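Trainee: Could we go through a structure together, step by step? I am new to reading these.
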Amino acid sequence: MPPYDARGEENGAKRHRAVLIGVEHYRGARNDLPSVTTNLRLMREALTDERTGVLAPEDLVVVPPDGGGPDTTVDPNSVRTALAAARREVTGLLVVYFAGHGIVRPDGSDLNLMFTDSEVTRDRHHPFVGTLSWDNEVMGVLRNSHADWVVVILDCCFAGNALRAFQPAVGQNFALLTAAEPGVEVPPGDPRTGTEFTAALHRLLTTGKGEPVTFTRIVEGIREAMEPFKAVDGHPWIPDELRHGDDVVLAFATDAERPVPPVLHPPDPKPPEEDENPQDPERPPCLPGRLLSGVLSRLTRTAAVVLAGVVALAGAGAWYFLGGASGGPCPSPLELRVATDPDLRATVQKAADAYTKRDVDGCRTVGINVYDAKATDAVAALRSSSLWQEPPATCPSSGDCPRPQRDVGAQPDIWIPAADSAWQRATADGAGGGTPSTATATGDDGDEPAADAGKSVVDLDRLGPIAYTPMVLGVPDTMRLAQSLQTDDPLGAIISGLEEDQTVEILRPDPEDTEGALLATDALYASSGSVGTLEQRMSQVLRPMPSTARELMCVLADGAHNDLEDRAAVLVPEQTLAQFNLSAGEPGRPSCATEALAHRVAHYPSDVPMLDLPFVRVTWAGADRDAAAREDAVKDFYTWLTTDEDAQRCFTDDGFRGVAKGSPAPPTGDSVLANEDNTSAVREQIPQTGPGADVSTSLTDTLDRYRGALGPGRVLYLLDNSTSMADKRVWDGTGGAKELVARSMSSLGAGDSYGVWLAAVAEGKRATDRVPFGSASRADAQKTVARAGTADFDARIAAGMREALGTLRELPDEEQPRLLVLVTDGEDFEAVKEREQQRLVTEAGRTPLVRIVTVSLQDGACAPGRFGERLAEASGGRCLDPADDIAAELTAEVAKTGTGDAE
């Protein structure tokens, strides 16, 4: 298939665009990037070059509009606006380019693009303020684009980490080019010539010969161009990419004839019934200014005569361009904002798009902007709704400060959470975050206010469910489990039945992110002895925990987690499980699904409530403009969603169950649930699961327990400082023991307790307290470690480990994560006698659990059966040796317990 060509005859009438984003000026700890302004100029030139460019100058949206400068500020809201507009308006080629600082969490997840006033805080839930999340706010928007092709180019540190969250929509053409591989930082570049990556990209786009310059050709060329250069810390500089679709032309060869754009012919108009002359006598016949300028800019001298034909058409057909059969321009549509759960975003977006396309005469009467927010953020924001209108003037350095505009987005007109429990939490008295809102529940019989939870600036009117899907435990069909446990049993009983015959890992998405995961976690905790042990076990097999059910299944589908896909039973919505069960080529199968992912059977826990997708009308105090029209539009959208066959099909096509008299409808023949791939996997008739009472208190307690299990943590480093460490040159310098410890401390936060002990002491003596265990300044602790010296004694490994385990277990709170890090050259570690080794392995497996990460700076120490590997297996920890990337892996392991953030 030939590559997509924005200049091709079939694409000439489509809307193309490039959104070029560059941030030169930064406040706070980040350095300015003077090369960014040059980068923007280079990209403008490359994309709009008169001979080789695929776009016209007016197809460019540049942020900042003036191209930047040393004092120009750029905020993420302007980029959000530009991306949202591009998603809605572009129908052809969409190019998005970013140059600036990038930042990730310690484990490499959650790439965020940084802007002038971006901040890094100690809040583990919202560490980055004033940034754009690649996963949620860039990829999440662009995967719903109407464009034929989307191409994203990232020139920033950690750009390659975006590849981890590359999840285009099914059938979407999408390409991502990153300046370097995951985890790699790139140099700031030269203000005169731009960054090395963008300068090389400019050369490739403007000097190609022979064939058009396609995305795949650029990938090959940019890697060759960057080969002589080194990234930060001497890393090889290798640009990376992922592509979903065939190929796309991004520039033309310098020796190719510039193609003549096609003549734009509007369809034959249907004359208005009441007015024989569709032209307004006061308005001369013409094309819309934006369209005309776009045509003119694409005309060559020889093709300019085409304009005469277009103008001739205007006398009979300008009414078509200027407003359809109404005879005039379309009025601005009423804009509705819909906030929804991340698990629902794609389906709700599909339904919203279908709703707006119903409008007749070519004029849209309503526009719908759909966005998702973490379930916990949405609830907290609606409970603190006044902060939407009057955000706090300042926030503490911890970042623990509710800011709905940051955490959720614009004030919604409609809220579609995954389950009624979210509405309960948003309207409940007591704990939950912020000022409770006023709630009304309107049922089929029109009942009026059911609860008044106090003063607020928002009313949450629950109109009713729009679709259903139960939460299920998806069990690989290769596992043994009694058929009788498929329905009517609590989650704990199903898991116990599974664990009788095989090893199984229970996984679910992050309960902070989706309501379904929170409801599943509530039932999971009810049957678990130790929440801390449960969460730490999950983190051992998969970290970070994916945000949504789809992301969790995609991670398992990549087959890169030591056969985890075959051992994992997943708590996900039934509709997600059903989609991933589909065979290759079946409509509705997620693009990330692979044959590595086993077919799964749904088991329906009786103690996990059904997801009922309630439609909640959100009314704001003082928002009187267009209030009546807005209320009518909201109610009309709800009525359409629940009664129109096309609307319900949007949900049933994605595996949801429709609405039938206020209850879940059985799957219809065209539903994913009825596909033969799911015949034995799901039940046609399902019981009403979960408690019918208010579960808000229980869920709030579950969130508290979850957050407690993840931090703040207790970390103790036991450092072998015997003279053999210096003799083997593994004590000082890059990659040495002290540098590894100090670097991993970037994963520790102000709330964590930690210390550093030195194990080389005289026989019978306690380990030396180099950094006393407790709360400390991270910078001071790192400096103290850097000044540590060796001692002319053997490292007392066994005695130091026993004392360290006792210290970490002193507090009775079993939920708090604990970590012991042992760093050694292996000499004294391997000298521990076998009987003592066995005692320590037994001690390592006791509760409260302390994960042990052994770092051996000699090869082979982590081989199966060796002491370090046995400690790791008993405690759920790790053994790292030179075969691993010790610096990165140790930092990630500490991040599982600590609450800091690495950049």
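This is a predicted model: local features need pLDDT of at least 70, side-chain atom pairs count only at pLDDT 80 or more; totals for chains, interfaces and linings use all residues.

Trainee: Okay, and is N721 buried or exposed?

Mentor: N721 counts as buried, because its relative accessibility is 3%; buried means under 20% relative accessible area, exposed means over 50%, and partly exposed is in between, with a 1.4 Å probe and protein chains only.

Trainee: Which residues is N721 in contact with, leaving aside its neighbours within four places in sequence?

Mentor: With those neighbours set aside, N721 is in contact with W731, L758, A759, A760, G789, T790 and A791, contact meaning heavy atoms within 4.5 Å.

Trainee: Changing topic, how many salt bridges does the count come to?

Mentor: The count comes to 38 salt bridges, each being a side-chain nitrogen of Lys or Arg within 4 Å of a carboxyl oxygen of Asp or Glu. As a general point, side chains of opposite charge can pair when their charged atoms come close.

Trainee: Which residue does E535 form a salt bridge with?

Mentor: E535 pairs with R508, and their closest N and O atoms are 2.3 Å apart. This pair links distant parts of the chain, 27 residues apart, with E535 in helix α15 (residues 531-541) and R508 in the loop between β19 and α14 (515-526). E535 is buried at 4% relative accessibility, and R508 is buried as well, with a relative accessible area of 1%.

Trainee: And what about K728, which side chain does it meet in a salt bridge?

Mentor: The side chain of K728 meets that of D825, at 3.7 Å from N to O. K728 counts as partly exposed at 39% relative accessibility, whereas D825 counts as buried at 1%.

Trainee: Which residues are linked in a network of salt bridges?

Mentor: D461, R617, E631 and K635 are linked in such a network.

Trainee: Now the sheets: what is the strand order in the open sheet of six strands?

Mentor: The order is β2-β1-β3-β7-β8-β10, with mixed pairing, and two strands pair if DSSP finds at least two bridges between them. β2 (60-63) and β10 (240-244) stand at the edges with a single partner strand each, so one side of each has no neighbour in the sheet. Within the sheet, β3 (residues 93-99) and β7 (residues 149-155) pair in the parallel sense over seven bridges, and L93 stands opposite W149 in β7.

Trainee: Which strands does helix α2 touch?

Mentor: Helix α2 (residues 76-89) packs on the sheet and touches β1 (17-22), β2 and β3, and its direction makes about 165° with that of β1; axes are lines fitted to C-alpha atoms, for helices over the stretch in contact, and angles run from 0 to 180 degrees between N-to-C directions. Helix α4 (residues 196-206) lies across β3, β7 and β8 (174-178), running at about 140° to β7.

Trainee: And the open sheet of four strands, in what order do they come?

Mentor: There the order is β19-β20-β18-β21, and the pairing is mixed. β19 (505-507) and β21 (600-603) are the edge strands, each pairing on one side only. Three bridges join β19 to β20 (residues 568-573), and these two strands run parallel, with I506 opposite A569 in β20. Helix α18 (residues 574-581) lies across β18 (471-476), β20 and β21, at about 120° to β20.

Note on methods. Residues are numbered from 1 along each chain as its sequence is written. Side-chain values use heavy atoms; hydrogens and water are left out.
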